[in-house]
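Please walk through this structure with the text below. It moves from model confidence to the metal site and then to pairs of residues.

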Amino acid sequence: MKKLFFIPVLAAVVSLAACGGNNTKTEGSTENKTEETASEPTVETVPGIENVTISNTWTVEGNDQMKFNTELIRVKAGEPLELTLKNVGKMPKESMGHNLIILKSGVDLPTFGGEAAAAADNEYIPKSALSSIVAHTKLLGPGEEDKISVTLEKGVYTYICSFPGHYALMQGKIVAE
Ligand SMILES: [Cu+2]
């Protein structure tokens, strides 16, 4: 009689243990899902750069329509880049001057543009944000040109004209690889 009574109790213990095991498994798979989401890579891609020839000598023109004629530049990293800016417009420097500033990656454009616009006394090169600048030309009037010589580390750089109101239209990317 005693033996018969014991069997249902054992069965109950076994099924309880199985239940506990299932719960642990569910928790484990939830943790795995969280890890996958957190490790998504963030790589900056520049569409169209694969169609650009690598060169370390470039000439960019700025015009009266507030445009650069080149907006994608591809260079070899670790070797000097010679970048010439030409102002091919006819409007006076005071109303349509152009420069070319290469910015460090991660610089917030609206913030930098705002500081630059307030730096009229320094040709729109903001002294408060010099640490955001890799290199820059001087401010050019019609028919003028200026050259930057700089060696870039691997990365993606944005360049802009910092004359007030221009950076939204006058910007491009340099990919150094
Ligand atoms: Cu400009």
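What follows is a guided reading of the model.

Start with confidence. The model is predicted. Mean pLDDT for the protein is 85. Of its residues, 76% reach 70 or more. Over residues 4-39, pLDDT stays under 50. For that stretch the model has 0 contacts beyond four places in sequence.

Now turn to the metal. Which protein atoms are the donors of the copper ion? They are ND1 of His 98, SG of Cys 161, ND1 of His 166 and SD of Met 170. These atoms lie 2.1 to 2.7 Å from the copper ion. Along the chain, the donors follow the spacing H-x62-C-x4-H-x3-M.

Why is the arrangement tetrahedral? The 4 donor atoms around the copper ion subtend angles of 85 to 130°. Four donors count as tetrahedral if all angles lie between 85 and 135 degrees. The arrangement is therefore tetrahedral. For comparison, the ideal angle for four tetrahedral donors is 109.5 degrees.

Cys 161 has 0% relative accessibility, so Cys 161 counts as buried. His 166 has 3%, so His 166 counts as buried too.

Next, look at a loop residue. Thr 70 sits in the loop between β1 (57-62) and β2 (72-75). Its relative accessible area is 13%, so Thr 70 is buried. The side chain of Thr 70 makes a polar contact of 3.3 Å with the side chain of Asn 69. Which residues does Thr 70 touch once neighbours within four places in sequence are set aside? They are Trp 58, Thr 59, Val 60 and Tyr 159.

Move on to strand β2, where Val 75 is found. Val 75 has 0% relative accessibility, so Val 75 counts as buried. Neighbours within four places in sequence aside, the contacts of Val 75 include Ile 54, Ser 55, Asn 56, Trp 58, Leu 81 and Leu 152. Ile 174, Val 175, Ala 176 and Glu 177 are also among the contacts of Val 75. Take Glu 177 from that list. Val 75 and Glu 177 are 102 residues apart in sequence. In space, their C-alpha atoms are 6.5 Å apart.

Side chains of opposite charge can pair when their charged atoms come close. How many salt bridges are there? The count comes to 4.

The side chains of Glu 177 and Arg 74 meet in a salt bridge of 3.0 Å, N to O. Glu 177 lies in the segment after β8 (171-176) and Arg 74 in strand β2, so the pair ties together parts that are 103 residues apart in sequence. Glu 177 has a relative accessible area of 34% and is partly exposed. Arg 74, at 17% relative accessibility, counts as buried.

Lys 147 and Glu 82 form another salt bridge through their side chains, at 2.8 Å, N to O. Lys 147 is in strand β6 (residues 145-151) and Glu 82 in strand β3 (residues 80-87), so this pair ties together parts 65 residues apart in sequence. Lys 147 is partly exposed, with a relative accessible area of 48%. Glu 82 is partly exposed as well, with 25%.

A further salt bridge joins the side chains of Glu 123 and Lys 93, at 3.5 Å, N to O. This pair links distant parts of the chain, 30 residues apart. Glu 123 is in the loop between α3 (109-117) and β5 (133-136), and Lys 93 is in helix α2 (residues 93-96). Glu 123 is partly exposed, with a relative accessible area of 32%. Lys 93 is partly exposed, with 27%.

Glu 123 is not a glycine, yet it has a positive phi of about 55°. Tyr 124 is found in the loop between α3 and β5. Phi of Tyr 124 is near 65°, a positive value in a residue other than glycine. At 14% relative accessibility, Tyr 124 counts as buried.

How values were computed:
Residues numbered from 1 in each chain as written. Predicted model: local features only at pLDDT ≥ 70, side-chain atom pairs only at ≥ 80, totals over all residues. Heavy atoms only, no water. Donors = N, O, S within 2.8 Å, 3.2 Å for Na, K, Ca; no water. Tetrahedral: all angles 85-135°; square planar, octahedral: opposite > 155°, others 65-115°. Buried < 20%, exposed > 50% of the residue type's maximum accessible area, 1.4 Å probe, protein only. pLDDT = per-residue confidence, 0-100. Contact = heavy atoms within 4.5 Å. Helix = DSSP H or I, 4+ residues; strand = E, 2+ residues; numbered from the N terminus. Polar contact = N/O pair within 3.5 Å; in protein donor to acceptor, adjacent residues only side chain to side chain.
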